[in-house]
Amino acid sequence: LLDLVFSPVDPQDTEEDRRKYEEAKMEFDAMQAKMQSIYEAHERRAEARMWKAIHQLPEDLYEEAVRSKPDHVPEPLLFHQRHHKEIFDSLNEDEKRKLQVYQNLMYVRYPHAAEKARNRDRFFIPENQIVSRQKEAAMAKMKLTKR
């Protein structure tokens, strides 16, 4: 429908041009279908290999992974520490100013972040003290009905 609506008013192509276009289009469509089938076969093989690898994992690895604690990465090996100088030096003055504005806004918005990094236990709530929103709403509703 779009081809009819937006077709050229005075077409310049001949019957030979149309035939060449149709041949090229059929060749392209055939090649696209072949490539699509190759890609789909590759995806099926990759998915089958993935599931095979998952099924071959021992069941006790999950429990071991849950029990183990990750090793602490030394501060100098962290990406932002290792590459800070070269990344910061590659910024122009405008980008440095934008970065500083962003850091200032983050500090204003989250002033407790530094304290949380220093003293994580201060922000920890024991699981038995957590109240869900539904429970909190029910308790508030009960207080209103008692009055």
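The protein chain exposes about 15100 Å², and carbon and sulfur atoms supply 58% of this area. Accessible areas were computed by the Shrake-Rupley method with a 1.4 Å probe; for residues, only the protein chains shown count as cover. The model is predicted: local features need pLDDT of at least 70, side-chain atom pairs count only at pLDDT 80 or more, and totals for chains, interfaces and linings use all residues. Residues are numbered from 1 along each chain as its sequence is written, and side-chain values use heavy atoms, with hydrogens and water left out.

The protein chain has 8 helices and 0 strands. Helices (H or I, at least four residues) and strands (E, at least two) are DSSP runs, numbered from the N terminus. Read along the sequence, the pattern is α-α-α-α-α-α-α-α. Buried residues make up 0% of the 147 residues in the protein chain. Here, buried means under 20% relative accessible area, exposed means over 50%, and partly exposed lies in between (1.4 Å probe, protein chains only).

Side chains of opposite charge can pair when their charged atoms come close. The structure holds 8 salt bridges. A salt bridge is a side-chain nitrogen of Lys or Arg within 4 Å of a carboxyl oxygen of Asp or Glu.

Helix α2 covers residues 15-56 and contains both R19 and E16. The side chains of R19 and E16 form a salt bridge, at 2.3 Å from N to O. R19 and E16 are 3 residues apart, about one turn of the helix. R19 is partly exposed, with a relative accessible area of 40%. E16 is also partly exposed, at 36%. A network of salt bridges links E16, R19 and E23.

K25 and D29 form another salt bridge, with the closest N and O atoms 3.4 Å apart. K25 and D29 lie 4 residues apart in helix α2, so about one helical turn separates them. K25 is partly exposed, with a relative accessible area of 36%. D29 is partly exposed too, at 32% relative accessibility.

A nonpolar surface patch of about 300 Å² is made by M31, M35 and I38. Patches consist of residues with over 30% relative accessible area and no salt bridge; like charges are joined within 9 Å, and nonpolar side chains (Val, Leu, Ile, Met, Phe, Trp, Tyr) within 5 Å. I38 is found in helix α2. Its relative accessible area is 44%, so I38 counts as partly exposed.

Helix α6 covers residues 93-109 and includes D94 and K98. At the start of α6, a side-chain oxygen of N92 reaches to within 3.1 Å of the backbone nitrogen of D94. The side chain of D94 also meets that of K98 in a salt bridge (3.5 Å, N to O). D94 and K98 are 4 residues apart in α6, so they are separated by about one helical turn. D94 is partly exposed, with a relative accessible area of 35%, whereas K98 is exposed, at 51%.

The expected span of a helix is 1.5 Å times one less than its number of residues. The 17 residues of α6 should therefore span 24 Å, and the end C-alpha atoms are 24 Å apart, which agrees. Helix α8 (residues 133-146) has 14 residues and should span 20 Å; its end C-alpha atoms are 20 Å apart, again in agreement. Helix α8 is hardly covered, as the count of buried residues among its 14 residues is 0.

Conventions. Polar contact = N/O pair within 3.5 Å; in protein donor to acceptor, adjacent residues only side chain to side chain.
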